[in-house]
Amino acid sequence: MATRPAGSHVSAWRPAVAGVVEVFHAHFVDHAYPPHIHDVWTLLIVDDGAVRFDLDRHRHGALRTSVTLLPPYVSHDGRSATPDGFRKRVLYLDTSALGVELVGRAVDEPAVADPHLRDRVHHLHQALAAPGDEFEAESRLALILDRLRQQLRQRGPATVQPAARGLAVRLRELLDARTIEGVTLREAAELLHAHPTHLVRTFTHAHGLPPHSYLTGRRVELARRLLLTGQRPAAAAAAAGFFDQAHLTRHFRRYLGVSPARYLGASNAGIRPAGRR
């Protein structure tokens with residue numbers, strides 16, 4: 001289990017369960033997530049404390065009594081709502097598990113007040129922590145996804161679109177395609193036939209963060225996935241588009257509260273969920 005001063009620690013791994021990109025357990029005291037975007041769904045429960053976060057520039061909170069579902073490609077941040085920090089357990093689910101057509105409704109109401117669903121998510125984490133229980137985990141995940149779809153579809157039409165269309169999306173797609181090698185603002189402007197300043201302003205307005213922050217976040221996401229496959233930090237840094245390991249470490253700490261080496265240690269230390277510490 002990776003630890004760091006001030007009582008913070010993480011545990012992360014990728015289970016052999018279709019649809020689950022990563023399991024992430026964390027106890028943070030003073031870490032604050034900067035605005036960032038995932039290309040996957042974030043399903044989290046809070047075990048202690050509470051979390052404040054902005055989703056698509058609207059303020060929300062994650063409490064112990066609810067399940068929180070954050071959609072892909074929508075900017076959010078996160079910080080403790082209490083001086084003692086918080087403990088959370090997270091599942092990152094790819095869009096084969098939940099379709100992107102549900103994104104808008106999740107933006108409107110990320111909190112799901114359903115004690116039975118929360119209990120199911122808790123038991124899924126327990127199954128994911130036990131090697132050999134993959135079939136149980138798959139079964140539990142299927143029930144959870146069905147319940148989430150029901151909850152989302154019962155809501156009215158989304159009042160917030162999942163992402164602005166047009167120029168901002170084209171730039172996002174370009175950054176996704178060029179995550180590793182990168183692209184200059186001038187080159188992006190030429191490729192998309194837009195003035196550089198207009199490009200930055202349009203992207204920031206649509207996605208809630210500037211394009212350079214989006215690209216850095218995508219590189220951090222790629223690096224963490226490479227670390228979970230067993231790559232060393234130096235190799236992951238190069239493969240994810242960072243200048244060197246120090247460059248990766250600086251941004252990785254900012255986004256995840258621990259260094260790549262400690263994150264790698266957490267993923268290699270065995271799959272022990274935060275609730276059993």
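**Exercise on the second largest cavity.** Find the volume of the second largest cavity, and work out which elements supply at least two residues each of its lining.

*Solution.* Begin with the size: the second largest cavity takes up about 80 Å³. A cavity, on a 1 Å grid over the protein atoms alone, is a set of points where a 1.4 Å probe fits but cannot get out, whereas a pocket is an open set with protein on both sides within 12 Å along at least five of seven lines; lining residues have an atom within 4 Å of a point. Grid points are joined across faces, edges and corners, and the volume is the space filled by probe spheres set on the points. Before going further, keep in mind that this is a predicted model, in which local features need pLDDT of at least 70 and side-chain atom pairs count only at pLDDT 80 or more, while totals for chains, interfaces and linings use all residues. Residues are numbered from 1 along each chain as its sequence is written, and side-chain values use heavy atoms, with hydrogens and water left out.

Next, look at the lining, which includes Tyr33, His36, Tyr92, Gly217, Glu221, Arg224 and Tyr255. Strand S4, helix H7 (211–228) and helix H9 (245–256) each supply at least two of the lining residues, and H7 gives the most, with four. These element names follow DSSP runs, numbered from the N terminus, where helices are H or I of at least four residues and strands are E of at least two.

Finally, sort the lining by class: six residues are nonpolar, three polar and two charged. In this sorting Ala, Val, Leu, Ile, Met, Phe, Trp, Tyr, Cys and Pro count as nonpolar, Asp, Glu, Lys and Arg as charged, and the others, Gly among them, as polar.

**Exercise on the largest cavity.** Which residues are the closest to the centre of the largest cavity, and which strands each supply at least two residues of its lining?

*Solution.* Start from the whole structure, which holds three cavities of 30 Å³ or more. The largest cavity contains about 130 Å³ of space. It is lined by 14 residues, of which Tyr33, Leu44, Leu70, Asp77 and Lys88 are the closest to its centre. The strands that each supply at least two lining residues are S4 (33–36), S5 (41–48), S6 (51–55), S9 (76–80) and S10 (86–93). By class, the lining of the largest cavity has seven nonpolar, five polar and two charged residues.

**Exercise on strand S8.** Are the residues of S8 (67–70) buried or exposed, and which residue of S11 is the bridge partner of Thr68?

*Solution.* First consider the side chains: Val67 and Leu69 point one way from S8, Thr68 and Leu70 point the other way, and all are buried. Buried means under 20% relative accessible area, exposed over 50%, and partly exposed in between, with a 1.4 Å probe and protein chains only. Then turn to the neighbours of S8: three bridges join S5 to S8 in an antiparallel arrangement, and Leu44 stands opposite Thr68. Two bridges also join S8 to S11 (111–112), again antiparallel, where the bridge partner of Thr68 is Ala111.

**Exercise on the largest pocket.**

*Solution.* The largest pocket holds about 190 Å³ of space, and its lining includes Leu171, Val183, Thr184, Leu199, Pro210 and His212. Two or more lining residues come from each of the helices H4 (167–177), H5 (185–192), H6 (196–207) and H7, and the largest share, three residues, comes from H7. Counting by class gives 10 nonpolar, two polar and no charged residues.

Notes:
Pairing = 2+ DSSP bridges.
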